[in-house]
Amino acid sequence: MGHELTWGMPVILYLYLAGVGAGAVTVSASVLLRGGDGKFGGGHFVMARYGALIGPLPVMLGTFLIIFELGRPFRALNLFKLINLSPMNIGSWLLGLFITVSLVYALVFLPSFVPQLKRLDHALDPVRKALAWVNVPLGISVAVYTGVMLGAMPSRPLWNSPILAMLFLISALSTGVAIIILVRALFHHGGKDPEDEHRYHLGAYILTATDVMLIGFELLVIFLFVMFAHLTVGDVKHAVAIILPGGAMASMFWVWVVLVGLLLPALVELVYVVPKLIYHRTFAAPKAVEIAVSVAVLIGGFMLRYIVVIGGQATGPVGL
Amino acid sequence: MTDMTRTPATDACQHRTTATTRRDFVTAVGGVVTAVALTPLAAAKAEAAQETPAKRKVQYGMVIDVRRCIGCHACTVACKSEFDVPLGENRAWVEYVEKGEYPNVGRSFLPRLCNHCSNPPCVHVCPTNATYKREQDGIVVIDDGLCIGCKYCILACPYDARFLNPVTGYADKCDFCIHRVSKGLMPSCVNTCVGGARIFGDLGDPESQVSKLVAKNRVTVLRRSMGTLPNVYYIGADHTDELDADRPEVRQVRVKTHRRHEQRR
């Protein structure tokens, strides 16, 4: 396209990784707070723990990438000398807060691995709950701000849409669920205890069903994003043409984001979710399917950031 | 008051001095030194101040009379040398717009620089307040002491007037030659313009040459619909863009930006 990227791969990766991490922590905290089995946390405790332990890692990795993208890493401290209405400033504060809280949240899950620390683990239950209450709004805020940051610029008409932040939020939650499914599947060595197996599949069902719902919403938001952009006149219509048939990034968008990242995983997930949802059959998706589906969702999430970030810079206002 | 004396081309020695003190100057502006830094400016405006006791808002701006532009790039070069702008980057530049199909063709020039907007998108997105619009003269400046090089402002500018200075690592752009203007001189590009196409002055003063030109001529600004309220006005500018090539009456458009970025962004 002959355009030099002002925001290149580090920023693209950051937007993606921050979304995955914030999504994973938000999902973990929600699961912990809403978990069933009568007792707080209940059978979903392990599921929440996966999300809590995974979540901070991609966020910190992404943050590391953008801080070093600055060239002078310590300069980033200037962000914390003041508060202003720049989405990047507010985002930095949110991000700093989120990393701190989500790290503590991850740490308070660690004693649950050590049988000797059962009393400490029990005592940490209310702490986890309190942190989860903070993590849900914080995680959502971090995911939303990444979209608001791009959307704040009228000079970049592809991004300048209120629904972009919504798209990033749903994608963050969806990829957050996907990475929990993936890591659960990778660490699950099945079949010893039928009780364990049952819990694993129940958890997988809840996650997979959630993912289907999120993908449904994401498809709707993409439809609205593309349709409203196309129906307008001028800058935005011209910008969105880059992902519409004939556009330079069209095949990439429709194949990688919509087909590989959303439609195919949703269809496969539906095959396993529907029998349980409607006919109350047992949910038992094979490990390979769980891995394939979650990897596809994660690829789609990355490609969404990739195409949006590059497409927004390759297009500009019409006329001079 | 805007008819500040034009000086002959500043000598090389002065270049050095201004180049080294510029950053100190811009940094100082953020602090208490503002008054000191602006003393010469205040002196230059003493006359106007006497006429209107109530403090009038100063907004430096430029009128570019494209009819007088010969596309010689003298402004580009003067600006490059004034600030030692790194290779491949420009604070000021001249675009060529060629359009039509033989024999009905046209070519015009479009000198460009930062518009020092009254509603600057770059300022709104800056996360550290490193870029701001000066109260005293409406110049949009960058404080290198605060800039983190995040490039948010570069993306937010609808005029692509900003770049990341590869030497300093901070955002950079035209500052209306603050170091010259504050001493009563004209910006370097204005000073060097052979056709007198670039006219600089205080748009807040109705008696200034720029204000009179804006009042008396058919003026345009770039990307008016963005709502940025630019303070660089054009007389006789051709706003044809590459996208206009789709129109049957234009047929062919070639915009030569004469920058590293070969396309307008």
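This is a predicted model: local features need pLDDT of at least 70, side-chain atom pairs count only at pLDDT 80 or more; totals for chains, interfaces and linings use all residues.
Trainee: OK, how many helices and strands does chain B have?
Mentor: Chain B has ten helices and eleven strands. Those are DSSP runs numbered from the N terminus: helices are H or I with at least four residues, strands are E with at least two.

Trainee: And how much of chain B is buried?
Mentor: Buried residues make up 45% of its 265 residues. Buried means 20 or more other C-beta atoms within 10 Å of the residue's own, exposed means 12 or fewer, and partly exposed is in between, with C-beta atoms placed from the backbone.

Trainee: Which strands form the sheet with mixed pairing?
Mentor: That open sheet in chain B has four strands in the order 8-1-10-9. Two strands pair if DSSP finds at least two bridges between them. Strand 8 (198-202) and strand 9 (219-220) of chain B are at the edges with a single partner strand each, so one side of each has no neighbour in the sheet.

Trainee: How do strand 1 and strand 8 of chain B pair?
Mentor: Antiparallel, over five bridges, with strand 1 of chain B covering residues 60-65. Tyr60(B) sits opposite Asp202(B) in strand 8 of chain B.

Trainee: Which helix lies across those strands?
Mentor: Helix 10 (residues 209-216) of chain B lies across strand 1, strand 8, strand 9 and strand 10 (232-235) of chain B, at about 110° to strand 8. The axes are lines fitted to C-alpha atoms, for helices over the stretch in contact, and angles run from 0 to 180 degrees between N-to-C directions.

Trainee: What about the open sheet of three strands?
Mentor: Its order is 3-2-11 in chain B, with antiparallel pairing. Strand 3 and strand 11 (253-256) of chain B are the edge strands, each pairing on one side only. Nine bridges join strand 2 (residues 93-101) to strand 3 (residues 104-112) of chain B, and a hairpin connects these strands of chain B through two residues. On the other pairing, strand 2 and strand 11 of chain B share four bridges, with Val97(B) opposite Val255(B).

Trainee: Switching to chain A: which residues of helix 3 are buried?
Mentor: In helix 3 of chain A they are Pro56(A), Pro58(A), Val59(A), Gly62(A), Thr63(A) and Ile66(A). They're on the same side of helix 3 of chain A because they cover an arc of only 165° around the axis, taken from the directions from the helix axis to the C-beta atoms.

Trainee: What covers them?
Mentor: Helix 1 (9-34) and helix 4 (87-107) of chain A are included in the cover for the buried residues of helix 3 of chain A.

Trainee: Last one: how many residues of chain A are in contact with chain B?
Mentor: 30 residues of chain A are in contact with 29 of chain B, where contact means C-beta atoms, placed from the backbone, within 7 Å. Helix 4 of chain A gives the largest share of chain A's side, three residues.

Note on methods: Residues are numbered from 1 along each chain as its sequence is written. Chains are lettered from A and ligands numbered from 1 in the order in which they are written. Two residues are in contact if their C-beta atoms, placed from the backbone, lie within 7 Å.
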